[in-house]
Amino acid sequence: MTITQTRRITVPDAAKAPRTERHLTIGGVLKAGGLALWLLLTLFPLYWIALTSFKAPATISRFPIEYWPSEPSLANYVSLFENSSFGVFLANSALISLAAGLTSTLIALLGAYVIARFEFRGKGMVLIAFLLTQMIPTFIALGPLYSMMSDLGLVDSKFGLILVYVAVCIPFSTVMLRGFFENVPNALEEAAMIDGCSRIGALFRVLVPVMTPGIVAAFIFNFVNCWNELFLSVVLMNTDSNRTVPSALNGFISTFNIDWGSMSAAAVLTILPTMVMFAVASRWIVQGLTAGAVKE
């Protein structure tokens, strides 16, 4: 008889484990139906815009309504670029949105670092002021802003519109990035500074790589806000060579007529860049929005 005996431990196979049966309940059916209805209401306008853009101009107002084009056509897209300077509008929007998004994200990064890492008099008031700016509608400041920009000679100027967008985006981005900085331990930059990094070097060599999801999320929100902004671009831009896409969409509405075909084609081309950006960077956006949610 042996003193010790070896026991065989069997690990149950997860694939063969009994699965809990799911039973249909009234609450579950109502939730699924509500989500399906919400999804339908959300996607149908996008589908209708795309559908209208591929209809021939003569069939857009045809009755009975066609929910699928019987004669698909690219005439609206061809007319959009032949009869207007939409390519110039797209280039202007891309340039202005990229410049304003990058500049505001960089400035907000530095401001959020100072607010999160240093104590100074009036710190609370600065944060309150940043939050209050988000409660003021943009159109309230259009009159004084136009007067100021006119005195500076920056009306109908891409550089002037970029400056305005940077000023508009900085408060939200600063508050957003401050939460990410507070979630990063101070020991990381302290260790880098012990190894010989300056404070700026520790920020860009150590903290910025750690905060990449938050920075990407802040930049995308800034870019999308600048890309979709209408009031400021309409007021500050007067010539077609400087107009952006939202003001171009507004130009398809006249006093007695609306060019639905060209307007729908322009809307599709306007939506695509932001959709692609969100699809490519969705992983960083989700990480960025949840990085500062829980403190350990």
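In this predicted model, helix 6 (residues 158-183) packs with helix 9 (residues 212-228) at an angle of about 155°, and their axes are 10 Å apart. Axes are lines fitted to C-alpha atoms over the stretch in contact, and angles run from 0 to 180 degrees between N-to-C directions. Helix 6 and helix 9 are therefore roughly antiparallel to each other, a term for angles over 145 degrees. Their crossing is right-handed, that is, the near helix is turned clockwise from the far one by less than a right angle.

The residues that meet, with contact meaning heavy atoms within 4.5 Å, are listed below.

| Helix | Residues in the contact |
|---|---|
| Helix 6 | Tyr 165, Cys 169, Phe 172, Ser 173, Met 176, Leu 177, Phe 180 |
| Helix 9 | Gly 214, Ile 215, Ala 217, Ala 218, Phe 221, Asn 222, Cys 226 |

Of the residues in this contact, 11 are nonpolar, 3 are polar and none is charged; Gly counts as polar.

The protein chain holds 13 helices and 0 strands, where helices are DSSP runs (H or I) of at least four residues and strands (E) of at least two. Buried residues, under 20% relative accessible area with a 1.4 Å probe, make up 34% of its 296 residues. Among contacts with a separation of 6 or more, 72% join residues 24 or more positions apart.

Residues are numbered from 1 along each chain as its sequence is written. Local features need pLDDT of at least 70, side-chain atom pairs count only at pLDDT 80 or more, totals for chains, interfaces and linings use all residues, and side-chain values use heavy atoms, without hydrogens and water.

Technical notes
Buried < 20%, exposed > 50% of the residue type's maximum accessible area, 1.4 Å probe, protein only. Parallel < 35°, antiparallel > 145°, perpendicular 65-115°, else oblique.
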